[in-house]
Amino acid sequence: MNQYLKSLTATQQIGALFVSVFGCLLLISIVAFFLSVRDRGDDATAEAWRTELSRIDGVLRTSWVMVFVFWVGWLSGDTTTLVLFAGVSFFALREFMTLSPTRRGDHRSLILAFFIVLPIQYALVGTRHFDLFTVFIPVYVFLAIPVVSALANDPARFLERNAKLQWGIMVCIYGMSHVPALLLLSFPRFQNKSAFLVFFLVLVVQTCMVVQHFASRQFKSAPAAPAISQSFGWPGWWTGVLTGSLLGGLLAGLTPFAPGQALALSFVACVAGSLGHLVMKALKRDRGIPNWGRDGVSVTGAGGLLDRVDALCFAAPVFFHSARWYFGL
Amino acid sequence: MLAKLMSYFLLGLVRLLTGSQARWHGCPPKAEQRIYFANHQSHADLVMIWAALPKELRSRTRPIAAKDYWTRTPFKKWITTAVFNAIYVARDKTDDQDPLAPLYDALESGDSIILFPEGTRGFADDPQPFKSGLYNLTLKYPDVVLVPAWINNIQRVMPKGEVVPVPVLCSVTFGAPVRLEAGEERRAFLDRARLAVIALRDV
């Protein structure tokens, strides 16, 4: 089996990967469908079961969309992938800004963020200007945004407003753009197979998050920061991170890394992703909402995209930089 | 043809920038003759309500545009007539003609209308006191259903005086219809209508 897979070309291997991922998703969806049609009566446990099922249904739906997006991106080449990820950045930043009150004076800064910084950042990825790409937002935009805000002549809560905008740009544009940047990173003896690297990162981080979610329920340990998250506890966190890292080590064959390197890099990505998710939870608590989606907020129509991608936004830059630094690319 | 393309373009743009969520609290979207009245903070308000309505209602629902402003250039005139099928109302008072006459014509022919009773775009969080047009209309056409609507966040998309819109999620909340009670005074009714709009902010 392994020999056969190795004999395939890069394109065939990636194709096989998509076939297996779509197959798994289909299988899980069918199982979930049959579980949902089964009648369980009307008592409390059945009710809890139904809420759990609808949550799983939501995760499944997101997974379908994500895998489909990856597939389309892979089929139609790097440019389309970049445009797709730029779209995700755009919608995530839109959600973020909706829930961070801005004033009239921020209008020009918002235009700068959405219509100038975002396209430039993705263009830098597309043209492989990796050195500029990693410093463009933290160095240049860091100055440009407050300058534009200051020129708007509104000192009220200046630091707070700018900090929010900078944060939104860092998480939604800077973080997200590192995912397609992985596609364009060329490792020696790993040509045309960078799609595996993106898949590897997404799978490892998502596994870590899902395992952490279920493990923290099983352990019922005291939450580490109860005012911020009722479900975040250290035993559950360790379980999630270690499971994600182990999976990464096992999947080393997909990547240009040796198993030990893959394990270490996955560990770094999982730690960054899960702690980043906790940080975003703290931001949501600050805004007084349970999630970025429509359940929490009554009048905004946010779809909760940021809830799904925030771990990735924090994991991708750390993963990208550690891989680049370690391999001297 | 061009107008159709333009309307699809505007719809796409509004959805991309604001998500244009419609929230029906208190009445369903229904093909009856209605006057939608809402708070007014931006030019984009009109497009927001228009985009939030279902396609079937959109063609029969006509917004109101200030004649002096919206007929100033050929493009403004074209976009209000061909795309929005707007009703022009003169803002400067002339004695010989009722400024609401074009609205009576539209209601007479069975169209629904979108009205911003504040008359002009506001800066404050709360809408300004309503002008009496709403009262006069419902006095003359008591069968037309008055639906209050709250447009949320739109002033952040395009504040007065700015040209380029920014993406922020917005929503339009439609509330339960308001009726003119028997013998109700003009001011009392207008204040009640205004409170009905404000109440939708926190639904």
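The legends below describe close-up views of a predicted model. Residues are numbered from 1 along each chain as its sequence is written, with chains lettered from A and ligands numbered from 1 in the order in which they are written. Because the model is predicted, local features need pLDDT of at least 70 and side-chain atom pairs count only at pLDDT 80 or more, while totals for chains, interfaces and linings use all residues.

**View 1. Chain A is built from 11 helices and 0 strands.** Helices (H or I, at least four residues) and strands (E, at least two) are DSSP runs, numbered from the N terminus. Read from the N terminus, the elements of chain A run α-α-α-α-α-α-α-α-α-α-α. Chain A has a radius of gyration, taken over C-alpha atoms, of 21 Å, close to the 20 Å that the globule rule gives for 329 residues, so chain A is as compact as a globular protein of that length. The globule rule is 2.2 Å times the number of residues to the power 0.38. The C-alpha trace of chain A spans about 65 × 60 × 35 Å along its principal axes.

**View 2. Chain A is assigned domain 1 (11–76), domain 2 (78–184) and domain 3 (187–293 + 300–329).** These bounds come from an automatic or database domain assignment. Between domain 1 of chain A and domain 2 of chain A, the C-alpha centres lie 32 Å apart. Two residues are in contact if their C-beta atoms, placed from the backbone, lie within 7 Å. Of the contacts in chain A with a separation of 6 or more, 69% are between residues 24 or more positions apart.

**View 3. The contact between the chains takes 16 residues from chain A and 15 residues from chain B.** The side of chain B that touches chain A has 7 nonpolar, 6 polar and 2 charged residues. Here Ala, Val, Leu, Ile, Met, Phe, Trp, Tyr, Cys and Pro count as nonpolar, Asp, Glu, Lys and Arg as charged, and the others, Gly among them, as polar.

**View 4. The largest nonpolar core has 124 residues.** Such a core is a set of buried Ala, Val, Leu, Ile, Met, Phe, Trp, Tyr and Cys residues joined through C-beta atoms within 7 Å. A residue is buried if 20 or more other C-beta atoms lie within 10 Å of its own, exposed if 12 or fewer, and partly exposed in between, with C-beta atoms placed from the backbone. A:Leu201, A:Val205, A:Ala315, B:Phe37, B:Met48, B:Ile49 and B:Ala149 touch the most other members. Helix α8 (residues 194–219) of chain A gives the largest share of this core, 14 residues. Beyond its neighbours within four places in sequence, B:Ala149 is in contact with residues including B:Phe37, B:Ile49 and B:Val172.

**View 5. Helix α2 (residues 44–52) of chain B is largely enclosed by the rest of the structure, because 9 of its 9 residues are buried.** Among them are B:Asp45, B:Trp50 and B:Ala52. B:Ala52 counts as buried because it has 25 C-beta neighbours inside 10 Å. B:Ala52 and B:Ala22 are 30 residues apart in sequence, yet 5.0 Å apart in space, C-alpha to C-alpha. Leaving aside its neighbours within four places in sequence, B:Ala52 is in contact with B:Ser20, B:Ala22 and B:Val172.

**View 6. Strand β3 (residues 61–66) of chain B has 5 of its 6 residues buried, so it is largely enclosed by the rest of the structure.** Two strands pair if DSSP finds at least two bridges between them. β3(B) runs parallel to strand β5 (residues 112–115) of chain B, joined by 3 bridges, and B:Pro63 stands opposite B:Ile114 in β5(B). β3(B) is also joined by 3 bridges to strand β4 (residues 87–89) of chain B, again in parallel. In β4(B), B:Val89 is the bridge partner of B:Ala66.
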